[in-house]
Amino acid sequence: MADKADQRHSGTDREQPSRSVSPYKAGLKGKCPNCGEGALFKDGLGIRDACDVCGFDLSSADPGDGAQVFVILIMGALSALLGFIVVGALGWPMWAVAATLFTFIIVGSIWMLRVFKATLIALQFHHDAHEGMMGDGDHDH
């Protein structure tokens, strides 16, 4: 039993050749985390099942809700700052403020969602992250 735990934490199962694609570059460009060339997204924010260039399996990609949390917090702060600037410093009429903020929030949120989602997926594959599983005997405690 202790041998299994030692093997699990020794790092021998993770000794794989490092990927040549930076997960941050792949995420920023929305590209395949394996080859860095194929498109990661289909139909806006949907993830492809496989890379159209190298055939890398993307069906297990799961960024969860992490990207949405980052986007909500960052876009909320940036929108408030922009609102204070255009209302307080520039004195724009309310219709112009509403149109500007609406456009900024929609365009900025979609762009940021793509970048954060792609980066989280690329980091998931780069670090070979999988869903945690309970081992034999971990559930006895």
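Biologist: Helices are DSSP runs of H or I with at least four residues, and strands are runs of E with at least two, numbered from the N terminus. How many helices and strands are in the protein chain?

Modeller: The protein chain has four helices and two strands. Going along the sequence, the pattern reads α-α-β-β-α-α. This is a predicted model: local features need pLDDT of at least 70, side-chain atom pairs count only at pLDDT 80 or more, and totals for chains, interfaces and linings use all residues. Residues are numbered from 1 along each chain as its sequence is written, and side-chain values use heavy atoms, with hydrogens and water left out.

Biologist: Good to know! What percentage of the 141 residues is buried?

Modeller: Buried residues are 27% of the 141. Buried means under 20% relative accessible area, exposed means over 50%, and partly exposed is in between (1.4 Å probe, protein chains only).

Biologist: And which residues form the largest nonpolar core?

Modeller: That core has eleven residues: Cys-32, Leu-40, Phe-41, Ile-47, Cys-51, Phe-56, Leu-58, Ala-61, Ala-118, Ile-121 and Phe-125. Helix H4, residues 94-126, gives the largest share of this core, with three residues. A nonpolar core here is a set of buried Ala, Val, Leu, Ile, Met, Phe, Trp, Tyr and Cys residues joined through side-chain atoms within 4.5 Å. In soluble globular proteins, nonpolar side chains tend to be buried together.

Biologist: What other core lies apart from it?

Modeller: There is another core of five residues, which include Ala-67, Val-71, Met-75 and Met-112.

Biologist: Back to Ala-118. What is Ala-118 in contact with, leaving aside neighbours within four places in sequence?

Modeller: Ala-118 is in contact with Ala-26, Gly-27, Gly-30, Leu-40 and Phe-41. Contact means heavy atoms within 4.5 Å.

Biologist: Where is Lys-31 found?

Modeller: Lys-31 sits in the loop between helix H2 (23-29) and S1. At 27% relative accessibility, Lys-31 is partly exposed. Not counting residues up to four places away in sequence, Lys-31 touches Ala-26, Gly-36, Glu-37, Gly-38 and Leu-40.

Biologist: New topic: how many aromatic pairs does a search of the whole structure find?

Modeller: The search finds two. Rings of Phe, Tyr and Trp (its six-membered ring) pair if their centres lie within 6.5 Å; planes under 30 degrees apart are stacked, over 60 edge-to-face, and the rest tilted. Phe-56 and Phe-125 make an edge-to-face pair, with 5.1 Å centre to centre and 75° between the planes. This pair links distant parts of the chain, 69 residues apart: Phe-56 is in the loop between strand S2 (46-47) and helix H3 (66-89), and Phe-125 is in helix H4.

Biologist: Are Phe-56 and Phe-125 buried or exposed?

Modeller: Phe-56 counts as buried because its relative accessibility is 18%. Phe-125 is buried too, at 11%.

Biologist: Then what kind of pair do Phe-70 and Phe-116 form?

Modeller: Phe-70 and Phe-116 are stacked, at 5.4 Å centre to centre and 20° between the planes. They are 46 residues apart, Phe-70 in helix H3 and Phe-116 in helix H4. Phe-70 is partly exposed at 41%, and Phe-116 is partly exposed at 24%.

Biologist: Which residues form a nonpolar patch on the surface?

Modeller: Phe-70 turns up again here: the patch is Val-69, Phe-70, Ile-72, Leu-73, Ile-74 and Leu-78, with about 550 Å² of accessible area together. A salt bridge is a side-chain nitrogen of Lys or Arg within 4 Å of a carboxyl oxygen of Asp or Glu.

Biologist: Last one: why does Ser-79 count as buried?

Modeller: Ser-79 counts as buried because its relative accessibility is 11%. Ser-79 is in helix H3, and beyond its neighbours within four places in sequence it is in contact with Leu-101, Phe-104 and Ile-105. Ser-109, in helix H4, is buried as well, at 17%.

Methods:
Patches are made of residues with over 30% relative accessible area and no salt bridge: like charges are joined within 9 Å, nonpolar side chains (Val, Leu, Ile, Met, Phe, Trp, Tyr) within 5 Å. Accessible areas come from the Shrake-Rupley method with a 1.4 Å probe; for residues, only the protein chains shown count as cover.
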